[in-house]
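I opened the model and kept notes on what I looked up. The entries follow in the order I made them.

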Amino acid sequence: MSKYQTRHKNINQKNEDLTPFLRVSPPVISTLMPNERKIIRLRISDIPNNYLSGEYRTHLKFTQEVIKKLNPPTDEDTSISFDLAMLVNSSIPIYYQKKDRTTPPKAIIKCRKNHLTIINNSRYQKKIELLGADTYKQFILLRQSDLDIAYNGKTTIKINDEQQKVCL
(Lines give C-alpha, C1' and ligand atoms only; values in the text may rest on other atoms or scores of the structure.)
Protein backbone atom coordinates (compact mmCIF):
# COMPACT_ATOMS: atom_id res chain seq x y z
CA MET A 1 0.00 0.00 0.00
CA SER A 2 2.85 2.44 0.67
CA LYS A 3 3.48 2.90 -3.05
CA TYR A 4 -0.16 3.91 -3.63
CA GLN A 5 -0.98 5.77 -0.42
CA THR A 6 0.41 9.08 0.85
CA ARG A 7 -0.22 10.44 4.35
CA HIS A 8 -0.92 14.15 4.73
CA LYS A 9 1.93 16.12 6.29
CA ASN A 10 0.03 17.23 9.39
CA ILE A 11 -0.58 13.67 10.66
CA ASN A 12 1.94 11.54 12.49
CA GLN A 13 1.81 8.30 14.43
CA LYS A 14 1.83 10.06 17.82
CA ASN A 15 -1.36 11.96 16.89
CA GLU A 16 -3.35 8.73 16.49
CA ASP A 17 -1.76 6.52 19.18
CA LEU A 18 -4.26 4.81 21.50
CA THR A 19 -1.62 3.01 23.61
CA PRO A 20 -1.66 5.33 26.68
CA PHE A 21 -5.43 4.81 27.05
CA LEU A 22 -5.51 1.00 26.68
CA ARG A 23 -5.49 -1.40 29.63
CA VAL A 24 -5.09 -5.15 29.08
CA SER A 25 -6.08 -7.73 31.67
CA PRO A 26 -4.21 -9.96 32.35
CA PRO A 27 -1.07 -8.12 31.21
CA VAL A 28 0.85 -11.39 30.74
CA ILE A 29 -0.75 -14.54 29.38
CA SER A 30 0.50 -17.80 30.80
CA THR A 31 1.41 -20.76 28.66
CA LEU A 32 -1.31 -21.77 26.23
CA MET A 33 -1.37 -25.20 24.68
CA PRO A 34 -2.56 -25.69 21.07
CA ASN A 35 -6.32 -25.08 20.70
CA GLU A 36 -6.52 -23.67 24.23
CA ARG A 37 -8.35 -20.38 24.77
CA LYS A 38 -7.84 -17.49 27.12
CA ILE A 39 -10.12 -14.50 27.70
CA ILE A 40 -8.41 -11.13 27.50
CA ARG A 41 -10.20 -7.97 28.59
CA LEU A 42 -9.43 -4.64 26.95
CA ARG A 43 -10.45 -1.34 28.51
CA ILE A 44 -10.07 1.96 26.74
CA SER A 45 -10.08 5.02 28.98
CA ASP A 46 -11.88 8.15 27.84
CA ILE A 47 -9.82 10.16 25.39
CA PRO A 48 -9.20 13.64 26.89
CA ASN A 49 -11.28 16.55 25.58
CA ASN A 50 -8.22 18.29 24.11
CA TYR A 51 -7.77 15.37 21.66
CA LEU A 52 -9.49 15.94 18.32
CA SER A 53 -12.34 13.74 17.21
CA GLY A 54 -11.26 10.98 14.87
CA GLU A 55 -9.79 7.52 14.86
CA TYR A 56 -7.10 6.29 17.23
CA ARG A 57 -5.31 2.93 17.07
CA THR A 58 -2.76 0.66 18.66
CA HIS A 59 -1.67 -2.96 18.27
CA LEU A 60 -1.89 -5.80 20.76
CA LYS A 61 1.15 -7.98 20.14
CA PHE A 62 1.45 -11.62 21.15
CA THR A 63 4.92 -13.13 21.24
CA GLN A 64 5.56 -16.85 21.51
CA GLU A 65 8.27 -18.02 23.86
CA VAL A 66 10.71 -20.72 22.83
CA ILE A 67 10.20 -24.03 24.60
CA LYS A 68 13.03 -26.34 23.68
CA LYS A 69 12.89 -30.09 23.97
CA LEU A 70 16.01 -31.81 22.80
CA ASN A 71 15.93 -35.42 21.74
CA PRO A 72 19.29 -37.01 22.46
CA PRO A 73 20.72 -38.82 19.45
CA THR A 74 20.79 -42.58 19.68
CA ASP A 75 23.93 -44.61 19.01
CA GLU A 76 22.21 -46.40 16.13
CA ASP A 77 21.31 -43.14 14.42
CA THR A 78 23.79 -42.30 11.66
CA SER A 79 21.81 -39.44 10.15
CA ILE A 80 22.38 -35.77 10.84
CA SER A 81 19.74 -34.05 12.94
CA PHE A 82 19.12 -30.55 14.21
CA ASP A 83 16.49 -28.71 16.20
CA LEU A 84 14.59 -25.91 14.50
CA ALA A 85 12.58 -23.43 16.57
CA MET A 86 10.09 -21.22 14.71
CA LEU A 87 8.35 -18.35 16.44
CA VAL A 88 5.02 -16.94 15.35
CA ASN A 89 4.27 -13.41 16.47
CA SER A 90 0.74 -12.09 16.14
CA SER A 91 -0.47 -8.52 16.21
CA ILE A 92 -4.10 -7.42 16.48
CA PRO A 93 -5.02 -3.82 15.60
CA ILE A 94 -7.34 -2.04 18.03
CA TYR A 95 -9.30 1.00 16.88
CA TYR A 96 -11.29 3.60 18.78
CA GLN A 97 -13.39 6.37 17.26
CA LYS A 98 -13.88 9.59 19.16
CA LYS A 99 -16.90 11.09 17.46
CA ASP A 100 -18.31 14.56 17.43
CA ARG A 101 -21.67 15.84 16.26
CA THR A 102 -20.55 16.99 12.83
CA THR A 103 -20.53 14.72 9.80
CA PRO A 104 -16.98 13.91 8.64
CA PRO A 105 -16.08 15.24 5.19
CA LYS A 106 -16.66 12.89 2.25
CA ALA A 107 -13.73 11.62 0.25
CA ILE A 108 -12.85 13.47 -2.96
CA ILE A 109 -12.71 11.21 -6.05
CA LYS A 110 -10.83 12.38 -9.16
CA CYS A 111 -10.80 10.29 -12.37
CA ARG A 112 -8.39 11.23 -15.17
CA LYS A 113 -7.35 9.05 -18.12
CA ASN A 114 -7.18 5.68 -16.32
CA HIS A 115 -5.70 7.28 -13.20
CA LEU A 116 -7.71 7.51 -9.98
CA THR A 117 -7.02 9.78 -7.00
CA ILE A 118 -9.04 9.56 -3.78
CA ILE A 119 -8.38 12.21 -1.13
CA ASN A 120 -9.46 11.50 2.44
CA ASN A 121 -9.41 14.72 4.49
CA SER A 122 -11.45 13.05 7.22
CA ARG A 123 -10.05 11.95 10.57
CA TYR A 124 -11.52 8.47 9.95
CA GLN A 125 -10.23 5.69 7.70
CA LYS A 126 -12.31 4.68 4.67
CA LYS A 127 -12.98 1.31 3.03
CA ILE A 128 -12.48 1.64 -0.73
CA GLU A 129 -13.87 -0.88 -3.26
CA LEU A 130 -12.97 -0.76 -6.96
CA LEU A 131 -15.18 -2.81 -9.26
CA GLY A 132 -14.20 -3.07 -12.93
CA ALA A 133 -15.40 -5.32 -15.75
CA ASP A 134 -13.06 -8.14 -14.71
CA THR A 135 -11.42 -6.87 -11.49
CA TYR A 136 -12.37 -6.29 -7.88
CA LYS A 137 -10.00 -4.62 -5.39
CA GLN A 138 -10.36 -3.48 -1.80
CA PHE A 139 -8.24 -0.89 0.00
CA ILE A 140 -8.21 0.74 3.41
CA LEU A 141 -7.51 4.45 3.04
CA LEU A 142 -6.07 5.75 6.30
CA ARG A 143 -7.29 8.98 7.77
CA GLN A 144 -5.93 12.15 6.20
CA SER A 145 -4.27 10.39 3.29
CA ASP A 146 -4.48 10.10 -0.50
CA LEU A 147 -4.74 7.06 -2.75
CA ASP A 148 -3.28 7.19 -6.28
CA ILE A 149 -3.86 4.15 -8.46
CA ALA A 150 -4.30 3.21 -12.12
CA TYR A 151 -7.48 1.55 -13.41
CA ASN A 152 -8.63 0.09 -16.72
CA GLY A 153 -11.94 0.95 -18.37
CA LYS A 154 -15.23 1.60 -16.62
CA THR A 155 -14.72 1.29 -12.84
CA THR A 156 -17.17 1.79 -10.00
CA ILE A 157 -15.71 3.24 -6.80
CA LYS A 158 -17.54 2.62 -3.51
CA ILE A 159 -16.45 4.29 -0.29
CA ASN A 160 -17.77 2.90 3.02
CA ASP A 161 -20.91 1.65 1.22
CA GLU A 162 -22.26 5.22 1.31
CA GLN A 163 -20.46 7.08 -1.46
CA GLN A 164 -20.26 5.83 -5.05
CA LYS A 165 -18.89 7.12 -8.36
CA VAL A 166 -18.33 5.61 -11.81
CA CYS A 167 -15.12 6.47 -13.66
CA LEU A 168 -14.89 5.87 -17.40
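**Salt bridge**

I searched the whole structure for salt bridges (a side-chain nitrogen of Lys or Arg within 4 Å of a carboxyl oxygen of Asp or Glu) and found one. The side chains of Asp161 and Lys127 form this salt bridge, at 3.6 Å from N to O. Asp161 is in the loop between β11 (155-159) and β12 (163-167), and Lys127 is in strand β8 (residues 126-131), so the pair ties together parts that are 34 residues apart in sequence. Strands here are DSSP runs of E with at least two residues, helices are runs of H or I with at least four, and both are numbered from the N terminus.

I then looked up accessibility, where buried means under 20% relative accessible area, exposed over 50%, and partly exposed in between (1.4 Å probe, protein chains only). Asp161 is exposed at 53%, while Lys127 is partly exposed at 31%.

**Basis of the notes**

The model is predicted, so I noted that local features need pLDDT of at least 70, that side-chain atom pairs count only at pLDDT 80 or more, and that totals for chains, interfaces and linings use all residues. Residues are numbered from 1 along each chain as its sequence is written, and side-chain values use heavy atoms, with hydrogens and water left out.

**Whole chain**

I counted zero helices and twelve strands. Buried residues make up 29% of the 168 residues in the chain. I also looked at contacts (heavy atoms within 4.5 Å). Of those with a separation of 6 or more, 62% are between residues 24 or more positions apart.

**A hairpin**

I checked how strand β6 (residues 108-112) meets strand β7 (residues 115-120): they run antiparallel and are joined by five bridges. Two strands pair if DSSP finds at least two bridges between them. Arg112 has His115 in β7 as its bridge partner. The two strands form a hairpin with two residues between them, and Lys113 in the turn has a positive phi of about 45°.

**Pro104**

I found Pro104 in the loop between β5 (90-98) and β6. Pro104 is partly exposed, at 35% relative accessibility. Leaving aside neighbours within four places in sequence, Pro104 is in contact with Ser122 and Tyr124. I also looked up Ser53, which is 51 residues from Pro104 along the chain; their C-alpha atoms are separated by 9.7 Å.
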